[in-house]
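Have a look around first, then read on.

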Amino acid sequence: MHSLYMVLIDPFVQMVSAPDLFLQTIWEGLVAGVLYALIALGFVLIFKASGVFNFAQGMMVVFAGLTLIAFQDLGVPAPLALILAVGVMYLMAVTIERTVLRPLVNQPDIILFMATFGITYILIGVGEMIFGGEPKDVNTKAFMLPQGSLEIPAFGGFVQLQKIDIAAAIIAALMIGALAFFFQKTRIGRALRAVADSHKAALSVGISLNQIWVIVWFAAGIVALVAGIMWGARSNVSFALQVVALKALPVLILGGFTSIPGAIIGGLIIGIGEKIGEFYWGPLMGGGIESWLAYLIALGFLLFRPQGLFGEKIIERI
Amino acid sequence: MFYREAGQYKTSYPSDMAVFPIAQDRIGIGLILAAAFIFIPMVASDFIMSSVMIPFLVFSLAAIGLNILTGYTGLISLGTGAFMGVGAYACYKLTTIFPGVNIIVWIIVSGFFSAFVGIIFGIPSLRIKGFYLAVATLAAQFFLQWCFVRIPWLYNYNASGAIEVGTRTLFGIPIVGPNATPEVRYYVLLCIVVALTWIASNIVHGRIGRSWMAVRDMDIAAELMGIKLLDTKLLAFAVSSFYAGVAGACMMFLWYGGGEASDAFNINQSFNILFMVIIGGLGSLIGSFFGAAFISMLPTVLKFGLPAIGIPLSGATAEHLIHIMVGGLIIFFLIVEPHGLARLWQIGKQKLRMWPFPY
């Protein structure tokens with residue numbers, strides 16, 4: 001009886017009795033969710049346009065972040081370092097397209113999925129060789145990212161908001177807006193959607209698949225760079241971030257592999273659900289439930305909508 | 001010249017449908033078994049035994065398990081590492097609660113515990129497909145891994161949280177624990193692997209295997225033909241997890257000899273086994289062995305092979321180079337032969353049959 005009370009009622013009593021703490025938890029969940037969404041966005045871009053489940057996205061975030069930091073450490077001014085890092089991401093996109101995607105065109109999905117594992121390994125090796133294994137900090141001042149925190153009074157208490165988190169949310173929103181515009185209104189965006197619908201039909205109307213792939217991998221690289229900067233500004237960039245990137249996977253299945261809004265909303269649901277679960281129910285189970293709660297939430301949604309919340313309906317024919 | 005089936009007449013259906021219909025193949029498998037049982041223990045040093053052969057056999061077993069699920073039934077799983085862990089912990093609990101029963105019995109029985117857990121996590125597979133399922137199986141991976149750390153009952157409330165392997169004997173010879181020699185452990189493992197491979201071969205060539213493959217090729221069509229999807233998929237999860245569980249128990253008891261177990265069964269282990277299955281060849285038992293050999297031996301070969309041919313490596317750079325090379329080789333093999341090493345093996349056999357003519 002007591003344990004039932006602890007699981008079913010007590011957390012809600014806590015939420016109501018300390019609403020400021022509850023708000024703080026939700027805010028932290030939102031912030032985590034934005035970062036998950038940023039990583040998931042890169043996955044979605046590539047999956048939409050090429051059907052490749054890009055496992056390397058998490059590593060690309062680390063790699064992009066470390067590249068930027070390395071340029072800054074060399075004394076390159078911040079705007080130039082940013083441009084150079086974008087250049088490196090472009091080079092990476094071209095290299096991946098040439099050496100991995102082009103020879104593997106028309107292979108089953110799982111083979112391409114495996115190939116992105118190969119890319120991950122290579123990025124880990126190259127990254128550790130060039131940048132070293134230690135975690136590094138992003139120079140937040142150079143990017144004019146705000147620091148410190150705001151304290152907003154709420155329900156007789158305080159909710160603490162880190163300014164950097166607010167900036168991250170705004171930047172993420174801007175980027176999503178830009179991507180939506182790019183996909184819906186530009187010529188390349190239309191070509192991308194055509195490729196996503198059908199490779200063969202797109203080829204037959206004269207869309208170059210190779211170009212499109214470079215573009216999406218480049219776009220995913222830029223998203224990775226932004227995610228890397230935001231993450232690095234909050235804590236630091238290290239190869240351990242790769243594990244965090246795995247959190248983007250439940251976000252993906254929750255939102256649907258092919259949906260950009262799905263990635264955002266999925267990210268927020270997972271972020272908030274995870275933080276609330278950890279804060280209110282975690283202590284009952286010995287803590288650390290964050291590591292699997294996200295997957296369980298996603299699995300719950302998936303049982304009712306097997307294609308994710310916003311994914312395209314799966315139609316099967318014989 | 002030697003590899004021809006000319007003159008070997010099949011006079012009955014069973015002989016025509018045999019797994020090895022050609023006499024040379026039967027001789028070949030006999031030679032391989034003879035080499036594994038007699039030749040390798042004679043020539044291999046303790047180091048090769050314990051750091052090359054034993055890992056290879058353990059991973060082969062796990063790869064066969066995953067191949068049953070991914071290669072034969074078409075369900076991608078990223079939770080193999082955790083299912084191996086279930087086997088290892090089940091074996092540990094069983095052998096501490098019932099120390100009188102022989103450890104080999106418990107290694108096999110622990111597979112059933114793993115199979116049970118596999119069935120539970122396989123239930124969503126009826127509705128969820130493809131990469132969605134792959135990510136859903138990550139739930140199993142992370143949840144079980146969390147259990148391994150947070151439930152102290154599983155590791156008998158050890159302060160270290162590690163599995164402790166005591167000495168267990170068979171006919172008075174220590175086969176598990178600090179006193180067991182690599183040779184003995186190798187023989188025990190080899191017997192388990194050979195027996196389970198034989199069983200797996202019979203399953204996949206029989207009715208069950210055929211229904212798995214029908215589900216893989218198109219599950220709706222299979223359902224229309226009267227194959228029960230739920231039963232078939234869950235059976236695939238059960239058999240696959242059974243193999244993974246036995247492999248995990250073998251890994252802990254016959255290879256590691258105890259230790260920090262939660263690390264050994266993490267997500268990277270799951271990925272590793274998936275590599276083996278795909279590099280080796282989806283839907284091929286021999287491919288599982290090739291893949292396991294390739295992935296499990298590659299780092300060792302690179303680490304000790306490169307200095308031997310005159311390329312000096314320092315510790316840290318070596319690790320990075322190995323990462324790059326493993327990644328590069330994975331991509332290279334996928335480009336050269338997306339159907340895996342098993343397909344190369346088949347092509348080689350076909351060439352040998354035609355030899356000395358090109359076609």
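## Ground rules

Helices (H or I, at least four residues) and strands (E, at least two) are DSSP runs, numbered from the N terminus. The expected span of a helix is 1.5 Å times one less than its number of residues.

What you see is a predicted model, in which local features need pLDDT of at least 70 and side-chain atom pairs count only at pLDDT 80 or more, while totals for chains, interfaces and linings use all residues. Residues are numbered from 1 along each chain as its sequence is written, and chains are lettered from A and ligands numbered from 1 in the order in which they are written.

## Chain A

Let's start with chain A, which has 14 helices and two strands. Of its 318 residues, 46% are buried, meaning that 20 or more other C-beta atoms lie within 10 Å of the residue's own; 12 or fewer makes a residue exposed, anything in between is partly exposed, and the C-beta atoms are placed from the backbone. Contacts here are pairs of residues whose C-beta atoms, placed from the backbone, lie within 7 Å. Among the contacts in chain A with a separation of 6 or more, 73% join residues 24 or more positions apart.

Helix α3 of chain A runs over residues 19–50, and its 32 residues should span 46 Å at 1.5 Å a residue; the end C-alpha atoms are 45 Å apart, which agrees. This helix is mostly covered, with 24 of the 32 residues of α3(A) buried. Just after α3(A) comes G51(A), with a positive phi of about 70 degrees.

## Chain B

Chain B has 15 helices and two strands. Its C-alpha atoms fill a box of roughly 65 × 60 × 45 Å along the principal axes. The radius of gyration, taken over C-alpha atoms, can be held against a globule rule of 2.2 Å times the number of residues to the power 0.38. For 359 residues, a compact globule would come out near 21 Å, and chain B has 21 Å, so the two agree. In chain B, 44% of the residues count as buried.

Two of its helices, α4 (residues 80–97) and α12 (residues 267–280), pack with their axes 6 Å apart at an angle of about 110 degrees. Axes are lines fitted to C-alpha atoms, for helices over the stretch in contact, and angles run from 0 to 180 degrees between N-to-C directions. That makes α4(B) roughly perpendicular to α12(B), a label for 65 to 115 degrees; under 35 is roughly parallel, over 145 roughly antiparallel and the rest oblique. On the α4(B) side, T80(B), G81(B) and M84(B) meet I267(B), Q269(B), S270(B) and I273(B) of α12(B).

## Where the chains meet

So which parts of chain A touch chain B? Helices α6 (109–131), α12 (248–255) and α14 (290–304) of chain A each supply at least two residues of that side, and α6(A) gives the largest share, 15 residues. Overall, 38 residues of chain A are in contact with 33 residues of chain B. The chain A side has 29 nonpolar, seven polar and two charged residues, where Ala, Val, Leu, Ile, Met, Phe, Trp, Tyr, Cys and Pro count as nonpolar, Asp, Glu, Lys and Arg as charged, and the others, Gly among them, as polar.

For a closer look, pick I111(A), found in helix α6 of chain A. Leaving out residues up to four places away in sequence, I111(A) touches L104(A), L334(B) and P338(B). With 18 C-beta neighbours inside 10 Å, I111(A) counts as partly exposed.

Note on methods:
Two residues are in contact if their C-beta atoms, placed from the backbone, lie within 7 Å.
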